[in-house]
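Hi,

Here is the structure I said I would pass on to you. Have a look at it in your viewer first, then read on.

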Amino acid sequence: MKYTKFNFMMSVLGIMIYVTDLIVDIWVSVRFFHERQYVFGVLTVSFMLFGTLVVQCFSYSWFKADLKEAGQESHHCFLLLHCLQGGVFTRYWFALKQGYQVAFKYSSKTENFVEKQINDRVTDLSMLRLFETYLEGCPQLALQLYIFLEHGQANFTQYAAIMVSCCAVSWSTVDYQIALRKSLPDKNLLNGPCPKLVYLFYKLFTLLSWMLSVVLLLFLNVKIAFLLLFFLWILGIYWAFKKQTDFCVSTSMEILYRIVVGFILIFTFFNIKGQNTKCPMSCYYIVRVLVTLGILIVFWFYPLSIFNADYFIPVSITIVLSLLLGIIFLLVYYGTLHPNRSEETKLDEVDGKPIQRDCRMKHFLME
């Protein structure tokens, strides 16, 4: 797959969003500590550390695997860079440096292995961004929404955090979907803006509805909310073990991968094995609808003194409309805009068949 100038500009946009998200998170945490809101400050820092530590672990393990496959020894400088939380920046440096050469200086006769190398670098970055989005961005978004609804107002910092989190989720989700189809030969490309936008709205609306529902449940009872999320996390981990994912080479990293997959499944659905998942995905969103409606119904019978009543009706309407729109966009995407829809030999978007090409993405989360 040819690496174009547009692809290079999208990589530049990706690192800009990544850096902006990092700066805003640090800014928000510092402001919380300055205002002596230590609980919110600690939670913000914890979400940041959790996401970045997991991302650095996977990034370094991929560096080691790639060097081993190339017959080279692992360099200690890579380990040091990842310990200093610089793994993603290192990958961006290599990707942008080589991507600029391919997109602007090489001729149209650029050798295939060079194109493949840069596409593999960009694909690795898309997977790492997806990890960080759901490990750090989604909890951060829920926290900022909770603070906003609790106080009935927000400062510029919190508005910025909410907007940047939404942009990071949107970008990483669509970028991952594009990278997935570019890196796997049995996947048709996601051509045109319409399928990308519909897919984005499907993910964004269903996620927004769920985030607001979780925030309402936190107002009802923090313990019940965390028990529900923990239960869903355990179910996701169980599903990953049941499907026997084989993304990582080492057993320890595979266990970490399944734990991370379980956490991601709290927020949205992904095909974790590249198999037909029409039934699991249907069950997933049926349960999502029932739990969301259950939270809204319980909230109606709970004393509203714990929550600003002026916001309850707008929030409830937003939850219902977002969930409804998300399901509609889901049906439209899988029913009409799915890239493999026209091929009778393929089952559906979340199906996967054996792939001959050696690619890390083929064992990752499918869509």
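Below is what turned up, going from the whole chain down to single residues.

One thing to keep in mind from the start: this is a predicted model.

**The overall picture**

Of its 367 residues, 51% count as buried. If you take the contacts with a separation of 6 or more, 77% of them join residues 24 or more positions apart.

UniProt, in an unreviewed entry, has the feature "transmembrane region" at several stretches, including residues 38-63 and 255-272. In the model, residues 38-63 are 100% helix and 0% strand, with end C-alpha atoms 37 Å apart. Residues 255-272 come out at 56% helix and 0% strand, and there the end C-alpha atoms are 14 Å apart.

**The core**

Which residues have the most contacts inside the largest nonpolar core? They are Phe58, Phe131, Met211 and Phe267, and the core itself has 87 residues. Helix H5, residues 112-151, gives the most to it, with 19 residues. Domain 1 (1-189) and domain 2 (192-339 + 360-366) both contribute residues, so this core lies between them.

Start with Leu128, which sits in helix H5. Leu128 is buried, because its relative accessible area is 1% and the cut-off is under 20%. Beyond its neighbours within four places in sequence, Leu128 is in contact with Val55, Phe58, Ser59, Trp62 and Arg91. Take Ser59 from that list: Leu128 and Ser59 are 69 residues apart in sequence, yet their C-alpha atoms are 7.4 Å apart in space.

Next, go to Val260 in helix H9. Val260 is buried too, with a relative accessible area of 2%. Leaving out residues up to four places away in sequence, Val260 touches Val54, Phe58, Phe131 and Leu135. Its C-alpha atom is 9.1 Å from that of Trp233, which is 27 residues away along the chain.

How far apart should the ends of H9 be, at 1.5 Å a residue? Its 14 residues should span 20 Å, and the end C-alpha atoms are 20 Å apart, which agrees. Buried residues in H9 include Met253, Glu254, Tyr257, Arg258 and Val261.

H10, residues 278-300, has 23 residues and reaches 33 Å from its first C-alpha to its last, close to the 33 Å expected. Its buried residues are Met281, Tyr284, Tyr285, Arg288, Thr292, Ile295, Leu296 and Phe299. When you look at that list, remember that an α-helix has 3.6 residues a turn, so residues three or four places apart point the same way.

Ser213 counts as buried, at 1% relative accessibility. Not counting residues up to four places away in sequence, Ser213 touches Thr292, Ile295 and Ile319.

Most residues other than glycine have a negative phi. Which way does phi go for Arg36, positive or negative? It is positive, about 65°, although Arg36 is not a glycine. You will find Arg36 in the loop between helix H1 (5-34) and helix H2 (38-69), and it is exposed, with a relative accessible area of 66%.

Gln244 also has a positive phi, near 55°. This residue lies in the loop between helix H8 (222-243) and helix H9 (251-264). Gln244 is exposed as well, at a relative accessible area of 57%.

**Cysteines**

A disulfide is a covalent bond between the sulfur atoms of two cysteines. How many did a search of the whole structure find? The answer is 0. Take Cys83: the nearest cysteine sulfur belongs to Cys57 and is 9.0 Å away, and Cys83 is in no disulfide. Cys83 is exposed, with a relative accessible area of 54%, whereas Cys194 is partly exposed, at 43%.

Happy browsing!

Technical notes: Residues are numbered from 1 along each chain as its sequence is written. This is a predicted model: local features need pLDDT of at least 70, side-chain atom pairs count only at pLDDT 80 or more; totals for chains, interfaces and linings use all residues. Side-chain values use heavy atoms; hydrogens and water are left out. A nonpolar core is a set of buried Ala, Val, Leu, Ile, Met, Phe, Trp, Tyr and Cys residues joined through side-chain atoms within 4.5 Å. Buried means under 20% relative accessible area, exposed over 50%, partly exposed in between (1.4 Å probe, protein chains only). Helices (H or I, at least four residues) and strands (E, at least two) are DSSP runs, numbered from the N terminus. Domain bounds come from an automatic or database domain assignment. The expected span of a helix is 1.5 Å times one less than its number of residues. Contact means heavy atoms within 4.5 Å. UniProt positions are given in the numbering used here, feature names are shortened, and annotations may be inferred rather than shown by experiment. A disulfide is a pair of cysteine sulfur atoms within 2.5 Å.
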